[in-house]
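Here is a short briefing on one protein model. Look at the sequence and the structure first, then read the points below.

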Amino acid sequence: MNLLTVENISKSYGELVLFNDLSFGINKDQKIALIAKNGSGKTSILNILSGADTPDTGKVNYRKSIRVSFLEQEPKLNADLTIEETIFTSDNEVLKVLKNYEKALKNPEDEEAYQKAFEAMDRFNAWDFETQYKQILYKLKLDDVSVKVGLLSGGQKKRLTLANALINKPDLLVLDEPTNHLDLEMIEWLEKFFAKENMTLFMVTHDRYFLERVCNEIIELDNGNLYSYKGNYSYYLEKKEARKEQEAVENHKTKLLFKKELDWMRRQPKARTTKSKSRIDDFFEIKEKAHKRRQEHEVQLEINMTRMGNKILELHKLSKSFPDKPILNQFDYNFTKGERIGIIGKNGTGKSTFLNILTGKIKADNGKVVIGDTIKFGYYTQKGIEIKQGQKVIDVIRDFGDYIPLTKGRQISAQQLLERFLFDRKKQYDFVEKLSGGERKRLYLCTVLIQNPNFLILDEPTNDLDIVTLNVLESFLLDFPGCLIVVSHDRYFMDKIVDHLFVFRGNAEIEIFPGNYSDYRSYEDSQIIEKREQKEQAATTTKNTWKTNNTGGKLSHEEQKEYKKLEREIQKLEEQKEEIQKQFLDASLSVEQIKELSILLEDVNTNIDTKTERWFELSALLEA
């Protein structure tokens, strides 16, 4: 079933043409990602789909009565409302039923209103919906629904907008960088949520693992043309490479034909037939194709960094805390040459604070940071670049240097560096305020690299960068011979460039893990399985012990009967628990089914604990 059709839309700003005559459709249950370079119009397309902007030409047709939610980069929320009030302002009918029910609970004396609200909850099956929406808020760390929106951080507002969109269960959900401001745990939960939910998605994201695991179609906007790939990210990479190879073959054939036609044109007399005029028209069309060049720039950075001495960076018993929030506690670490460390952890565990302590932007409460004499930091922060009114792109980079040294005694000018980072000569003389969010991040990255650091610290460098630029950055970092620290929620990026991790677990607990992110996840999953097996083994051992010790020596007749009955009941509950756990392995389970099983499992565990506690009491009497 078609939900939306885009017909021949175009958009330009003055002389800058973003795209022209684009057409595509979105059908029910499709999960589509739009991939394009920064500045090529991705956000403009999303704004047109959401109705926040209009195309210069063409139109967008929606199926009648469908509900559309749009997750934008900068959410527009009412600062005076609480989180709960923001959610209940939605047009969702079930949420209105929930709101009336909660209002009735606060006024129990109005029995008629309570009865109506209770019946409505049954009629709309809102009991399950209430559980699910609270689970979504909990997973996105928005469980305190009484907090005013005006007190939330930018990341929390983005998560609230995402929660609102998920709770409303729209027919079509349009997402602009949905994984920004989510920690790794949230991203993995969101992947599973989308995998289970029959929700139609259209998104822009740079998170390649997210693309791999969520999307079933990818649309690429490349040099003004749309290309569709019916598969995930791996399929897209494979088919795109095949397309480029085919284009290269066709381009070569076109050039050969052009040369042949050029010879014919030169031999032609002035008087020409109708047939020859047609051939002349074809000639000019061939000429245009033959001279067409793909506007792609492969970045080949060979920066010759400053030499590093033996002393790099030493951390001695660092401690740092904020009120009710410890970040570091007696943390020690000595960096060696060429270290490549990734930092992961939930939001608010102190990752950015740690980087600021290393670079001297803030001071530790105790301990010291010893920096080697030859160390030159390059620090890419989340804050990004400061825009000065009327400043041009080339001026920004020249504020930090006119050139940087390359290997073999060569140099690269500021202009050439910008070209390597996909800013052509014309773009370099644009005003910075005209750049897209991703282009500003790319420019900021240039300002860090042109300073020729030998110790790079990157705090969320992948936010707002397109996949082309990410590949460029990854290639550079793989060749970078200095030390590297990266904080990122981009798992694909982390897997490629780091070889061990600092895992910030909160409450000043930092674990050093020898491997990349995928290694860490495999290890964590194996630990969970091992703990579960140990628990099951302990439960089996305990049950066998009960049977051995069941002598009934000092128990009354009734207590002996209860003792034996508890044994049977606990054994049955353990079998029921095992059966429920097996059901969780079914990949086809919906979110509602998972939730029902979770509630059932919790009830079984509670029952086991209660009966086991009573069994221990009776067992103690036996041994007395």
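Tyr403 counts as partly exposed because its relative accessibility is 47%; buried means under 20% relative accessible area, exposed over 50% and partly exposed in between, with a 1.4 Å probe and protein chains only. This is a predicted model, where local features need pLDDT of at least 70, side-chain atom pairs count only at pLDDT 80 or more, and totals for chains, interfaces and linings use all residues. Residues are numbered from 1 along each chain as its sequence is written, and side-chain values use heavy atoms, with hydrogens and water left out.

**Two single residues**

- Tyr403 lies in strand E15, residues 403-405. Helices (H or I, at least four residues) and strands (E, at least two) are DSSP runs, numbered from the N terminus.
- Tyr403 and Ser413 are 10 residues apart in sequence, yet their C-alpha atoms are 4.1 Å apart in space.
- Leaving out residues up to four places away in sequence, Tyr403 touches Gln411, Ile412, Ser413, Ala414 and Ile450. Contact means heavy atoms within 4.5 Å.
- Thr82 sits in the loop between E5 and H2. Thr82 counts as buried because its relative accessibility is 12%.
- With residues up to four places away in sequence not counted, Thr82 touches Val145, Ser146, Val147, Lys148 and Val149.

**Helix H3**

- Helix H3 covers residues 93-106, which is 14 residues. From first C-alpha to last, H3 reaches 20 Å, close to the 20 Å expected at 1.5 Å a residue. The expected span is 1.5 Å times one less than the number of residues.
- Buried residues in H3 are Val94, Leu95, Val97, Leu98, Tyr101, Glu102 and Ala104.
- Their cover includes helix H2 (83-88), helix H4 (111-123), helix H5 (126-139) and helix H6 (154-168).

**The six-strand sheet**

- Strands of a sheet pair through backbone hydrogen bonds, either parallel or antiparallel.
- An open sheet of 6 strands runs in the order E5-E6-E7-E3-E8-E9, and its pairing is mixed. Two strands pair if DSSP finds at least two bridges between them.
- Why is one side of E5 and of E9 left without a neighbour in the sheet? Strand E5 (68-71) and strand E9 (225-229) stand at the edges, so each has a single partner strand.
- From one strand to the next, the twist averages 15 degrees.
- Strand E3 (residues 31-35) pairs with strand E7 (residues 200-204) in the parallel sense, over 3 bridges. Lys31 stands opposite Leu201 in E7.
- H6 lies across E5 and strand E6 (172-176), and runs at about 165 degrees to E5. Axes are lines fitted to C-alpha atoms, for helices over the stretch in contact, and angles run from 0 to 180 degrees between N-to-C directions.

**Aromatic rings**

- Rings of Phe, Tyr and Trp (its six-membered ring) pair if their centres lie within 6.5 Å; planes under 30 degrees apart count as stacked, over 60 as edge-to-face and the rest as tilted. By this rule there are 21 aromatic pairs.
- Tyr333 and Phe335 form an edge-to-face pair, 5.0 Å centre to centre with 75 degrees between the planes. Both Tyr333 and Phe335 are buried.
- Phe513 and Tyr520 also pair edge-to-face, at 5.5 Å centre to centre and 75 degrees between the planes. Both Phe513 and Tyr520 are buried.
- Ring pairs join Phe331, Tyr333, Phe335, Phe354, Phe377, Phe455, Phe502 and Phe504 into a cluster.
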